[in-house]
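Biologist: I am new to this protein. Please take me through its structure step by step.

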Amino acid sequence: MVRLLVLLAGVAIVATPVAEAQRLRERLAERAGARGAEAPAAGMVEHSFGTDPLQKLDFWAAKDKAKPAPIVIFVHGGGWKRGDKRNATGADKVTHFLEQGYAVASVNYRLVPAAKVEDQAADVAAAFAWLRSNATRLNIDPARMVLMGHSAGAHLVALVGTDPSYARAAGFALSDIRGVIPLDGAAYDVPAQIADGGRFMQDTYAQAFGSDPARQKSLSPTLHAAGPNAPAFLILHVDRDDGKRQSEGLGAALRKAGTPAQVTRIEGRGLVGHAEINRKLGQPDYPATPVVDAWLKTRF
């Protein structure tokens, strides 16, 4: 009995640091997902698309005022429970897209646990609808609007682009989204990610998606990809096992349904690469920049 108590005490001593290490890795992953350079303030105008303080977006008009411009609409990451439209956008991303002749918007959304993931997807759709309905005064082309998101934001734009209920509730059709660019998401198939994605993000997934398998499936873009879908997807991921597996799974499901879906691996490993794809996109020497530029030209 004494030996058993000693053994159990030893297990507890070991388990506590392990649990703490897992929580630390989880926090680092969330912060990496939300981290980015402060978006440039010059030319930016904040708009509300709802009554909640977080239902706001930042908008940068295209440089060329002579004709309506395409727009890239960015949705930040942060584990569904943190992040912000300004500090997760990335200065290079905004500046680069403006130089390409596009307008840019960066969207905030209500956060878990005060809101549900369903509310967040509804916010993304509402922001898209608001921009579309205000296209004339913003001088944007409502037929050339692309959704882009990083990490949790990648999941949300993929969900809005595959589950027509969000677009329908906001008053538009999935065909009105010109394309979707998810950046290094890892929760496109929520039940599979919870089962196979490692332990260090499990608390975040449990808080966001709960334990009901039916709800987890309903929040899984891959499981909605049988169609209808947004017209085209560019799915980028770095070198991390779950992001690669989830990105390839989403791409395969979309292509099976007849939706064009390009899946491309970008150099960078683990959480460092996960943060870099958000922070460095738009820099001319970052490998994802020419990939995104070429794809956007096919859509715009």
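Modeller: A residue counts as buried when its relative accessible area is under 20%. Keep in mind that this is a predicted model.

Biologist: What share of the 300 residues in the protein is buried?

Modeller: The protein has 13 helices and eight strands. Applying the cut-off of under 20% relative accessible area to the 300 residues of the protein, the buried share is 52%.

Biologist: Among contacts between residues at least 6 apart in sequence, what share joins residues at least 24 apart?

Modeller: A contact here means heavy atoms within 4.5 Å. Of the contacts between residues at least 6 apart in sequence, those that join residues at least 24 apart make up 78%.

Biologist: How is the ring pair of W80 and F209 classed: stacked, tilted or edge-to-face?

Modeller: The structure holds six aromatic pairs. In the pair of W80 and F209, the ring centres are 5.0 Å apart and the planes stand at 75 degrees. Planes over 60 degrees apart count as edge-to-face, so the class of this pair is edge-to-face.

Biologist: How many residues apart in sequence are the parts that this pair ties together?

Modeller: W80 lies in the loop between β3 and α2, while F209 belongs to helix α8 (residues 202-209). The pair therefore ties together parts whose separation in sequence is 129 residues.

Biologist: Which residues do ring pairs link into a cluster with F209?

Modeller: Y205 and F209 form a tilted pair, with 6.5 Å from centre to centre and 35 degrees between the planes. Both lie in helix α8, four residues apart, about one turn of the helix. Y205 is buried at a relative accessible area of 4%, and F209 is buried at 1%. With F209, the ring pairs link W80 and Y205.

Biologist: Which residues of helix α13 are buried?

Modeller: Helix α13 covers residues 288-299, and its twelve residues reach 17 Å from first C-alpha to last, close to the 16 Å expected. What covers its buried residues includes β3, α2, β5, β6, β7 and β8. The buried residues are A288, T289, V292, D293, W295, L296 and R299.

Biologist: How many charged residues are in the lining of the largest pocket?

Modeller: The largest pocket has a volume of about 170 Å³. Its lining includes D64, K67, R144 and K297, and Asp, Lys and Arg count as charged. By class, the lining has six nonpolar and two polar residues, and the number of charged ones is four.

Definitions and conventions. Residues are numbered from 1 along each chain as its sequence is written. This is a predicted model: local features need pLDDT of at least 70, side-chain atom pairs count only at pLDDT 80 or more; totals for chains, interfaces and linings use all residues. Side-chain values use heavy atoms; hydrogens and water are left out. Helices (H or I, at least four residues) and strands (E, at least two) are DSSP runs, numbered from the N terminus. The expected span of a helix is 1.5 Å times one less than its number of residues. Buried means under 20% relative accessible area, exposed over 50%, partly exposed in between (1.4 Å probe, protein chains only). On a 1 Å grid over the protein atoms alone, a cavity is a set of points where a 1.4 Å probe fits but cannot get out, and a pocket is an open set with protein on both sides within 12 Å along at least five of seven lines; lining residues have an atom within 4 Å of a point. Grid points are joined across faces, edges and corners, and a volume is the space filled by probe spheres set on the points. Rings of Phe, Tyr and Trp (its six-membered ring) pair if their centres lie within 6.5 Å; planes under 30 degrees apart count as stacked, over 60 as edge-to-face and the rest as tilted.
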